[in-house]
Amino acid sequence: MSTHGDDQDNRTTPHPPQLPNPRVRVTLGGKGLGVGVLVAYVAFSTLLSLQAPEYALIFFIYAAIPAALIGSVVGWLLGLVLRQVRNQWLHVAAFFVVGTLICAPFGGLSSLGAVLFSLSIATAAAVGRLSVRRLVKICPPTA
């Protein structure tokens with residue numbers, strides 16, 4: 001028996017480089033998510049302040065925690081769903097539509113009215129998503 005063949009069998013073959021998942025085309029990191037939530041929070045506070053200027057400071061203070069918690073979770077989940085959609089404008093539209101649908105039941109609790117409150121949140125979500133369009137990494141589809 002030759003030991004020459006044994007040496008070749010015991011060699012480890014180098015692993016091929018890890019390629020990105022071919023199905024994942026649009027990605028946004030934690031920095032982008034944080035910037036989007038912050039912009040959406042400021043936009044929402046501004047929109048509510050325009051509707052009722054006497055409560056501007058209250059809106060700004062009390063909107064921070066829901067925007068951080070709910071906005072980041074919903075934004076992250078919606079981003080996962082939209083990973084294969086390359087068109088950034090469809091992302092913005094989806095954030096507006098989902099923001100409207102999620103907030104519509106809670107709009108009745110607002111003194112501003114259900115529609116106006118829901119549209120304020122939806123507009124802020126869309127503005128937040130639009131603000132991070134340049135931070136998005138779009139991977140070309142693989143063949």
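Predicted model: local features only at pLDDT ≥ 70, side-chain atom pairs only at ≥ 80, totals over all residues.
Student: Is histidine 91 buried or exposed?

Tutor: Residues are sorted by relative accessible area: buried is under 20%, exposed over 50%, and partly exposed in between (1.4 Å probe, protein chains only). Histidine 91 has a relative accessible area of 2%, so it is buried.

Student: Which side chain does histidine 91 contact?

Tutor: A polar contact is a pair of N or O atoms within 3.5 Å; within protein, one must be able to donate a hydrogen and the other to accept it, and residues adjacent in sequence count only through side-chain atoms on both sides. The side chain of histidine 91 makes such a contact with that of arginine 129, at 3.1 Å. Arginine 129 also has a polar contact of 2.8 Å with the side chain of glutamine 88. Glutamine 88 is in helix 5, and its relative accessibility of 14% means that glutamine 88 counts as buried.

Student: Which residues of helix 5 are buried?

Tutor: Gln88, His91, Val92, Ala94, Phe95, Gly99 and Cys103 are the buried residues of helix 5. They lie on the same side of helix 5, because the arc that they cover around the axis is only 160 degrees. That arc is taken from the directions from the helix axis to the C-beta atoms.

Student: Which exposed residues sit on the face of helix 5 turned away from the buried side?

Tutor: Trp89 and Leu101 are the exposed residues carried by that face.

Student: Which residues of helix 2 are buried?

Tutor: The buried residues of helix 2 are Gly32, Gly36, Val37, Ala40, Tyr41, Ala43, Phe44, Ser45, Leu48 and Ser49. Take two of them. Tyrosine 41 counts as buried because its relative accessibility is 11%, and its C-alpha is 9.1 Å from that of proline 66, 25 residues away along the chain. Phenylalanine 44 is buried at a relative accessible area of 13%; between its C-alpha and that of glycine 128 there are 9.6 Å in space and 84 residues in sequence.

Student: What about glutamine 51 and valine 127: where do they lie?

Tutor: Glutamine 51 is in helix 2, and valine 127 is in helix 6 (residues 114-131). Glutamine 51 is partly exposed, with 28% relative accessible area, and 9.8 Å separates its C-alpha from that of phenylalanine 117, 66 residues apart in sequence. Valine 127 counts as partly exposed at 35%. The C-alpha atoms of valine 127 and valine 42 are 9.9 Å apart, with the two residues 85 apart along the chain.

Student: Which residues form the nonpolar patch on the surface?

Tutor: A patch takes residues with over 30% relative accessible area and no salt bridge, joining like charges within 9 Å and nonpolar side chains (Val, Leu, Ile, Met, Phe, Trp, Tyr) within 5 Å. A salt bridge puts a Lys or Arg side-chain nitrogen within 4 Å of an Asp or Glu carboxyl oxygen. Here the patch is formed by Leu38, Val42, Tyr55, Leu57, Ile58, Phe60, Ile61 and Tyr62, with about 850 Å² of accessible area together (Shrake-Rupley method, 1.4 Å probe). Helix 2 (30-51) and helix 3 (56-62) each supply at least two of its residues, and helix 3 gives the most, with five. Leucine 38 lies in helix 2 and counts as exposed at 52% relative accessibility.

Student: How many helices and strands are there in the protein?

Tutor: The protein has six helices and two strands, in the order α-β-α-α-α-α-α-β along the sequence. Of its 143 residues, 28% count as buried.

Note on methods: Residues numbered from 1 in each chain as written. Heavy atoms only, no water. Helix = DSSP H or I, 4+ residues; strand = E, 2+ residues; numbered from the N terminus.
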